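Here are a few notes to read alongside the model.

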Amino acid sequence: MNTRSNFDFFHNLFKLYEDAIQGKRNHPTYSDNALGITALLYCPLKYHYRQSDFHTNQYSSLEILDGFDFEHTIKSILQDHYGAIDEFVVEYEYNGTKIEGHLDVYVPTLNVALELKNMRLVKAKMLPADTIVFNPEEYGIELTQSYLKQAGIQKTLLDYHTNKTNQVFLVVKTTLIDHSMKAKKVIIITQPPAVPLEEINTLIEAFHNEKKPRYPWECKLCPYTSMCKNAANLLK
Ligand code: SF4
(Lines give C-alpha, C1' and ligand atoms only; values in the text may rest on other atoms or scores of the structure.)
Protein backbone atom coordinates (compact mmCIF):
# COMPACT_ATOMS: atom_id res chain seq x y z
CA MET A 1 0.00 0.00 0.00
CA ASN A 2 1.22 3.54 -0.63
CA THR A 3 1.20 6.25 2.03
CA ARG A 4 -2.23 7.53 1.06
CA SER A 5 -3.84 4.08 1.05
CA ASN A 6 -2.10 3.23 4.36
CA PHE A 7 -3.68 6.30 5.85
CA ASP A 8 -7.11 5.45 4.41
CA PHE A 9 -6.84 1.85 5.61
CA PHE A 10 -6.04 2.81 9.22
CA HIS A 11 -8.48 5.70 9.22
CA ASN A 12 -11.23 3.33 8.14
CA LEU A 13 -10.10 0.58 10.56
CA PHE A 14 -10.22 2.87 13.60
CA LYS A 15 -13.49 4.46 12.50
CA LEU A 16 -14.97 0.94 12.45
CA TYR A 17 -13.37 0.25 15.86
CA GLU A 18 -14.98 3.40 17.23
CA ASP A 19 -18.37 2.41 15.75
CA ALA A 20 -18.04 -1.14 17.15
CA ILE A 21 -17.46 0.16 20.68
CA GLN A 22 -20.20 2.79 20.37
CA GLY A 23 -22.57 0.01 19.24
CA LYS A 24 -21.98 -1.84 22.53
CA ARG A 25 -23.09 1.15 24.53
CA ASN A 26 -26.58 1.16 25.96
CA HIS A 27 -27.28 4.89 25.57
CA PRO A 28 -29.55 5.78 28.48
CA THR A 29 -32.24 8.34 27.79
CA TYR A 30 -33.99 10.28 30.52
CA SER A 31 -37.74 10.65 30.89
CA ASP A 32 -39.22 14.01 29.90
CA ASN A 33 -38.08 16.80 32.24
CA ALA A 34 -36.05 14.42 34.44
CA LEU A 35 -32.56 15.50 35.51
CA GLY A 36 -29.67 13.05 35.71
CA ILE A 37 -27.52 12.97 38.86
CA THR A 38 -24.54 14.51 37.07
CA ALA A 39 -26.63 17.60 36.26
CA LEU A 40 -26.65 18.30 40.02
CA LEU A 41 -22.88 18.01 40.37
CA TYR A 42 -21.56 20.43 37.73
CA CYS A 43 -22.35 23.91 36.39
CA PRO A 44 -26.13 23.97 35.64
CA LEU A 45 -25.50 26.16 32.58
CA LYS A 46 -23.70 23.23 30.95
CA TYR A 47 -26.85 21.16 31.35
CA HIS A 48 -28.91 23.83 29.55
CA TYR A 49 -26.36 24.21 26.72
CA ARG A 50 -26.15 20.43 26.35
CA GLN A 51 -29.91 20.23 25.83
CA SER A 52 -29.60 22.38 22.73
CA ASP A 53 -26.25 21.20 21.39
CA PHE A 54 -26.27 17.71 19.90
CA HIS A 55 -22.86 17.76 18.24
CA THR A 56 -20.78 18.76 21.26
CA ASN A 57 -22.48 15.94 23.07
CA GLN A 58 -20.99 13.24 20.82
CA TYR A 59 -18.34 10.93 22.28
CA SER A 60 -15.07 10.81 20.42
CA SER A 61 -11.95 10.41 22.55
CA LEU A 62 -10.19 7.06 22.85
CA GLU A 63 -10.24 7.47 26.60
CA ILE A 64 -14.05 7.60 26.61
CA LEU A 65 -14.25 4.68 24.16
CA ASP A 66 -11.97 2.64 26.45
CA GLY A 67 -14.42 3.43 29.24
CA PHE A 68 -17.36 2.12 27.16
CA ASP A 69 -15.44 -1.06 26.39
CA PHE A 70 -14.61 -1.67 30.07
CA GLU A 71 -18.20 -0.92 31.09
CA HIS A 72 -19.67 -3.22 28.44
CA THR A 73 -17.40 -6.16 29.36
CA ILE A 74 -18.07 -5.95 33.10
CA LYS A 75 -21.82 -5.57 32.53
CA SER A 76 -21.94 -8.58 30.19
CA ILE A 77 -20.14 -10.78 32.76
CA LEU A 78 -22.52 -9.69 35.53
CA GLN A 79 -25.56 -10.22 33.31
CA ASP A 80 -24.42 -13.72 32.27
CA HIS A 81 -23.38 -14.91 35.73
CA TYR A 82 -25.56 -12.96 38.18
CA GLY A 83 -28.67 -11.85 36.27
CA ALA A 84 -27.63 -8.20 36.57
CA ILE A 85 -29.72 -5.32 35.19
CA ASP A 86 -28.00 -2.85 32.85
CA GLU A 87 -28.69 0.88 33.44
CA PHE A 88 -31.05 0.34 36.38
CA VAL A 89 -33.21 3.45 36.75
CA VAL A 90 -33.99 4.99 40.15
CA GLU A 91 -36.30 7.98 40.56
CA TYR A 92 -36.77 10.70 43.13
CA GLU A 93 -38.78 13.93 43.20
CA TYR A 94 -38.32 17.07 45.29
CA ASN A 95 -40.41 20.25 45.00
CA GLY A 96 -41.55 19.35 41.48
CA THR A 97 -38.08 18.46 40.17
CA LYS A 98 -37.72 14.88 39.04
CA ILE A 99 -34.30 13.20 39.38
CA GLU A 100 -33.43 10.04 37.50
CA GLY A 101 -30.35 8.02 38.37
CA HIS A 102 -29.08 5.43 35.88
CA LEU A 103 -26.93 2.96 37.75
CA ASP A 104 -24.43 1.35 35.40
CA VAL A 105 -25.32 -2.13 36.61
CA TYR A 106 -27.44 -3.52 39.45
CA VAL A 107 -27.42 -7.09 40.78
CA PRO A 108 -30.76 -7.44 42.66
CA THR A 109 -29.93 -10.91 44.03
CA LEU A 110 -26.85 -9.49 45.80
CA ASN A 111 -28.25 -5.99 46.48
CA VAL A 112 -25.14 -4.61 44.83
CA ALA A 113 -24.72 -1.88 42.21
CA LEU A 114 -21.56 -0.76 40.40
CA GLU A 115 -20.70 2.64 38.99
CA LEU A 116 -17.97 2.00 36.40
CA LYS A 117 -15.42 4.64 35.43
CA ASN A 118 -12.30 4.81 33.31
CA MET A 119 -9.73 7.44 34.35
CA ARG A 120 -6.57 8.26 32.45
CA LEU A 121 -4.04 8.75 35.27
CA VAL A 122 -4.32 8.89 39.04
CA LYS A 123 -1.46 9.88 41.35
CA ALA A 124 -0.41 7.45 44.07
CA LYS A 125 2.00 7.62 47.03
CA MET A 126 3.20 4.11 46.18
CA LEU A 127 2.11 1.40 43.80
CA PRO A 128 0.19 -1.60 45.16
CA ALA A 129 1.43 -5.16 44.73
CA ASP A 130 -1.93 -6.33 43.37
CA THR A 131 -3.91 -4.97 40.42
CA ILE A 132 -7.08 -4.68 42.51
CA VAL A 133 -7.01 -1.90 45.10
CA PHE A 134 -9.61 -1.98 47.87
CA ASN A 135 -8.14 0.74 50.11
CA PRO A 136 -7.17 3.69 47.92
CA GLU A 137 -6.30 5.83 50.98
CA GLU A 138 -3.53 3.38 51.91
CA TYR A 139 -1.72 4.30 48.67
CA GLY A 140 -2.44 8.04 48.83
CA ILE A 141 -4.93 7.78 45.94
CA GLU A 142 -7.45 10.60 45.66
CA LEU A 143 -10.38 9.82 43.37
CA THR A 144 -12.44 12.49 41.62
CA GLN A 145 -14.77 14.07 44.18
CA SER A 146 -17.73 14.24 41.77
CA TYR A 147 -17.46 10.48 41.07
CA LEU A 148 -17.54 9.73 44.80
CA LYS A 149 -20.48 12.06 45.28
CA GLN A 150 -22.36 10.58 42.32
CA ALA A 151 -22.01 7.05 43.73
CA GLY A 152 -23.08 8.31 47.18
CA ILE A 153 -26.24 9.84 45.69
CA GLN A 154 -26.92 6.63 43.77
CA LYS A 155 -26.69 4.64 47.00
CA THR A 156 -29.29 6.86 48.69
CA LEU A 157 -31.67 6.87 45.70
CA LEU A 158 -31.28 3.11 45.13
CA ASP A 159 -32.18 2.32 48.77
CA TYR A 160 -35.10 4.80 48.56
CA HIS A 161 -36.34 3.33 45.27
CA THR A 162 -36.00 -0.37 46.20
CA ASN A 163 -36.94 0.13 49.86
CA LYS A 164 -34.03 -2.02 50.98
CA THR A 165 -30.35 -1.60 51.88
CA ASN A 166 -27.93 -2.01 48.99
CA GLN A 167 -24.22 -1.57 48.50
CA VAL A 168 -23.00 0.78 45.75
CA PHE A 169 -19.37 0.47 44.66
CA LEU A 170 -17.38 2.89 42.57
CA VAL A 171 -15.13 0.81 40.30
CA VAL A 172 -12.37 2.77 38.56
CA LYS A 173 -10.07 1.39 35.89
CA THR A 174 -7.00 3.57 35.69
CA THR A 175 -3.22 3.86 35.56
CA LEU A 176 -1.57 4.78 38.85
CA ILE A 177 1.57 6.87 38.72
CA ASP A 178 3.85 7.35 41.75
CA HIS A 179 6.39 10.09 42.62
CA SER A 180 9.19 8.25 40.74
CA MET A 181 6.96 8.15 37.61
CA LYS A 182 6.50 4.39 37.82
CA ALA A 183 3.10 3.41 36.46
CA LYS A 184 0.73 0.50 36.92
CA LYS A 185 -2.73 -0.31 35.55
CA VAL A 186 -5.19 -1.11 38.32
CA ILE A 187 -8.86 -1.44 39.22
CA ILE A 188 -9.76 0.66 42.27
CA ILE A 189 -12.84 -0.40 44.24
CA THR A 190 -14.34 1.83 46.86
CA GLN A 191 -17.68 2.28 48.60
CA PRO A 192 -18.45 6.00 48.97
CA PRO A 193 -20.68 7.07 51.86
CA ALA A 194 -24.37 7.62 51.13
CA VAL A 195 -25.33 11.26 50.53
CA PRO A 196 -28.25 12.19 52.84
CA LEU A 197 -31.57 13.05 51.17
CA GLU A 198 -31.42 16.57 52.68
CA GLU A 199 -28.12 17.17 50.85
CA ILE A 200 -29.65 15.91 47.59
CA ASN A 201 -32.55 18.35 48.10
CA THR A 202 -30.02 21.18 48.59
CA LEU A 203 -28.26 20.19 45.33
CA ILE A 204 -31.60 20.29 43.51
CA GLU A 205 -32.32 23.79 44.86
CA ALA A 206 -28.82 24.93 43.86
CA PHE A 207 -29.36 23.57 40.34
CA HIS A 208 -32.24 26.04 39.95
CA ASN A 209 -30.81 28.97 41.90
CA GLU A 210 -27.02 28.96 41.44
CA LYS A 211 -26.19 28.95 37.73
CA LYS A 212 -22.42 28.87 38.03
CA PRO A 213 -19.54 26.36 38.01
CA ARG A 214 -19.16 24.03 40.96
CA TYR A 215 -15.39 23.50 40.50
CA PRO A 216 -12.61 26.03 39.68
CA TRP A 217 -11.55 24.03 36.59
CA GLU A 218 -15.00 23.73 35.00
CA CYS A 219 -14.86 26.69 32.59
CA LYS A 220 -11.38 25.75 31.33
CA LEU A 221 -12.57 22.30 30.31
CA CYS A 222 -16.11 23.25 29.25
CA PRO A 223 -17.16 22.56 25.63
CA TYR A 224 -19.58 25.53 25.78
CA THR A 225 -17.03 28.28 26.62
CA SER A 226 -17.40 29.96 23.23
CA MET A 227 -21.18 30.31 23.53
CA CYS A 228 -21.38 30.97 27.29
CA LYS A 229 -21.85 34.60 28.28
CA ASN A 230 -20.49 33.89 31.78
CA ALA A 231 -17.26 32.29 30.60
CA ALA A 232 -15.36 35.53 29.88
CA ASN A 233 -15.68 36.72 33.48
CA LEU A 234 -15.08 33.33 35.02
CA LEU A 235 -11.97 32.60 32.96
CA LYS A 236 -10.20 35.87 33.97
S1 SF4 B 1 -18.19 28.14 30.41
FE2 SF4 B 1 -18.22 27.95 32.66
S3 SF4 B 1 -20.07 29.08 33.30
FE4 SF4 B 1 -20.27 28.65 31.10
S5 SF4 B 1 -21.40 26.73 30.97
FE6 SF4 B 1 -19.22 26.22 30.92
S7 SF4 B 1 -18.71 25.82 33.05
FE8 SF4 B 1 -20.65 26.92 33.07
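1. Let's start with Lys149, which sits in helix α4 (residues 145–162). Helices here are DSSP runs of H or I with at least four residues, strands are E runs of at least two, and both are numbered from the N terminus. Lys149 is buried because 20 other C-beta atoms lie within 10 Å; the cut-offs are 20 or more for buried, 12 or fewer for exposed, and partly exposed in between, with C-beta atoms placed from the backbone.

2. Before going on, please note that this is a predicted model: local features need pLDDT of at least 70, side-chain atom pairs count only at pLDDT 80 or more, and totals for chains, interfaces and linings use all residues. Residue numbers run from 1 along each chain as its sequence is written.

3. What does Lys149 touch, leaving aside residues up to four places away in sequence? The partners are Leu41 and Val195, where contact means C-beta atoms, placed from the backbone, within 7 Å. Lys149 also lies 8.3 Å from Ala194, C-alpha to C-alpha, although 45 residues separate the two in sequence.

4. Now for the strands, which pair if DSSP finds at least two bridges between them. β7 (residues 183–190) runs parallel to β5 (residues 132–133), joined by two bridges, and Val133 stands opposite Ile188 of β7. With β6 (residues 167–177), β7 pairs in the antiparallel sense over eight bridges; there Val171 faces Ile189 in β7. The β6–β7 hairpin has five residues between its strands, and Met181 takes a positive phi near 70 degrees.

5. The largest nonpolar core has 32 residues, and Leu103, Val105, Ala113 and Leu158 have the most contacts inside it. Such a core is a set of buried Ala, Val, Leu, Ile, Met, Phe, Trp, Tyr and Cys residues joined through C-beta atoms within 7 Å. Elements supplying at least two residues each include α4, β7 and α5 (197–209), while β6 gives the most, with five. Setting aside residues up to four places away in sequence, Val105 touches Lys75, Leu78, Ala84, Asp86, Ala113 and Leu114.

6. Last, the ligand: of the 14 residues around it, Cys43, Leu45, Cys219, Cys222 and Cys228 come nearest. A residue counts as near if its C-beta atom, placed from the backbone, lies within 6 Å. Two or more shell residues come from each of α2 (44–51) and α6 (231–234), and α2 gives the most, with three.

Technical notes. Contact = placed C-beta atoms within 7 Å.
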